[in-house]
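Please open the model in a viewer and keep the selection panel at hand. The stops below proceed from one selection to the next.

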Amino acid sequence: MLWLRAVDALTVASRLVHFASVALLFGVPLFRLAITREHAPRGRAWEIAAGVAALLSGLGWFAGVAANMAGSFADAATPDTLQAVTFDTRFGHLWIGRLIVLVAIFVVQLCWRPSRWRDGVLVLLAAGFAASLVGVGHGMTGAGHGPVVARIHMIADMVHLLCAAAWIGGLFCLGPLLHRVVTGRETSATARKALRRFSTMGYWVVGLVLITGCINALVMVPRPASLIGSDYGRALLLKLGLVAVLVGFAIVNRVVLTPPIMAAAEATGMRRLWHSVVVEQGVGILVLAAVAWLGTIHPVP
């Protein structure tokens with residue numbers, strides 16, 4: 001039906017924007033804390049824009065869930081449907097809790113002067129905001145395999161979300177920094193310092209993304225044949241392919257493009273690395289789009 005496709009499109013688009021916003025809300029203050037404070041995005045504009053986008057996309061996501069439950073967009077706006085989605089579903093309960101956390105993030109962004117303490121509080125709030133996405137996706141699916149598997153899956157999914165947000169959010173901080181170096185507004189020494197720390201963090205983040213992703217895949221797709229024989233499996237294969245491309249770019253950046261920059265041996269290396277990071281950012285958005293679509297498909301039983 002046409003309306004059902006429209007609901008699915010609204011839900012996927014809202015989830016994509018929401019995931020990207022979460023990555024920025026978590027990744028920007030983390031970048032300032034762990035990579036470089038002096039040369040990271042410090043203005044409130046980025047983070048406030050990400051917060052507004054998270055709020056609006058959350059409302060779109062809520063509207064998609066309500067329309068899917070009610071059977072039409074018109075019925076989704078009725079008081080009974082809105083009350084049922086908000087107070088009678090796990091999604092609604094988490095939506096209220098996540099809205100409270102998002103308001104707290106706005107308060108810290110607007111009322112607290114820039115400092116390491118402020119960034120630490122923002123990282124903690126954004127981490128909770130990101131980790132809570134487990135409850136509105138397939139993160140609870142492991143319950144069908146017993147309580148132990150359910151807990152392992154939930155923890156793995158939380159770590160997966162946080163590491164992915166740190167990775168993609170960090171890339172969207174690293175790209176502008178490299179561009180400022182390329183255009184002469186920052187020194188190469190600045191980039192080398194940031195790249196050294198970003199690479200160290202990247203080893204842990206990418207490693208944990210891959211490990212927790214494997215755990216999630218084993219729970220969600222217990223039979224290899226389901227990867228080809230089900231819609232969820234095929235969507236998962238698409239996501240895995242995009243993640244493999246993302247990891248490939250990360251390896252090339254670290255092993256091929258970064259060493260000449262660290263040795264200050266190649267003047268054009270910074271521009272090539274910046275171009276590569278921009279492409280990696282684009283692939284990261286495609287990964288988020290695949291995740292947004294994957295969450296609308298029923299997992300393999």
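Begin with the largest pocket of this predicted model, which holds about 810 Å³ of space. To centre the view there, select Asp 157, His 160, Leu 161, Lys 239 and Val 291, the closest to the pocket centre among the 40 residues that line it.

Next, colour the helices that surround this space. The lining of the largest pocket takes at least two residues from each of α1 (2–34), α7 (147–182), α8 (188–220), α10 (231–262) and α11 (269–294). Colouring the lining by residue class shows 29 nonpolar, eight polar and three charged residues.

Now turn to helix α7 and select Val 159, which is found in that helix.

Move to the surface and select Ile 251, Val 252, Val 255 and Val 256. These residues form a nonpolar patch, and together they have about 350 Å² of accessible area. Val 256, a member of the patch, is found in helix α10.

How many cavities of 30 Å³ or more does a search of the whole structure find? The search returns two.

The largest cavity has a volume of about 80 Å³. To display its lining, select His 18, Ala 54, Leu 55, Gly 58, Trp 95, Arg 98, Leu 99, Leu 102 and Phe 129. Two or more of these lining residues come from each of α2 (44–70) and α5 (90–111), and α5 gives the most, with four residues. By class, the lining of the largest cavity comprises six nonpolar, two polar and one charged residues.

For the second largest cavity, with about 40 Å³ of space, select His 18, Gly 58, Trp 61, Phe 91, Trp 95, Arg 98 and Val 136. Here, too, α2 and α5 are the elements that give two or more residues to the lining. The largest share, three residues, comes from α5.

Technical notes
Residues are numbered from 1 along each chain as its sequence is written. This is a predicted model: local features need pLDDT of at least 70, side-chain atom pairs count only at pLDDT 80 or more; totals for chains, interfaces and linings use all residues. Side-chain values use heavy atoms; hydrogens and water are left out. On a 1 Å grid over the protein atoms alone, a cavity is a set of points where a 1.4 Å probe fits but cannot get out, and a pocket is an open set with protein on both sides within 12 Å along at least five of seven lines; lining residues have an atom within 4 Å of a point. Grid points are joined across faces, edges and corners, and a volume is the space filled by probe spheres set on the points. Ala, Val, Leu, Ile, Met, Phe, Trp, Tyr, Cys and Pro count as nonpolar, Asp, Glu, Lys and Arg as charged, and the others, Gly among them, as polar. Patches are made of residues with over 30% relative accessible area and no salt bridge: like charges are joined within 9 Å, nonpolar side chains (Val, Leu, Ile, Met, Phe, Trp, Tyr) within 5 Å. Accessible areas come from the Shrake-Rupley method with a 1.4 Å probe; for residues, only the protein chains shown count as cover. A salt bridge is a side-chain nitrogen of Lys or Arg within 4 Å of a carboxyl oxygen of Asp or Glu.
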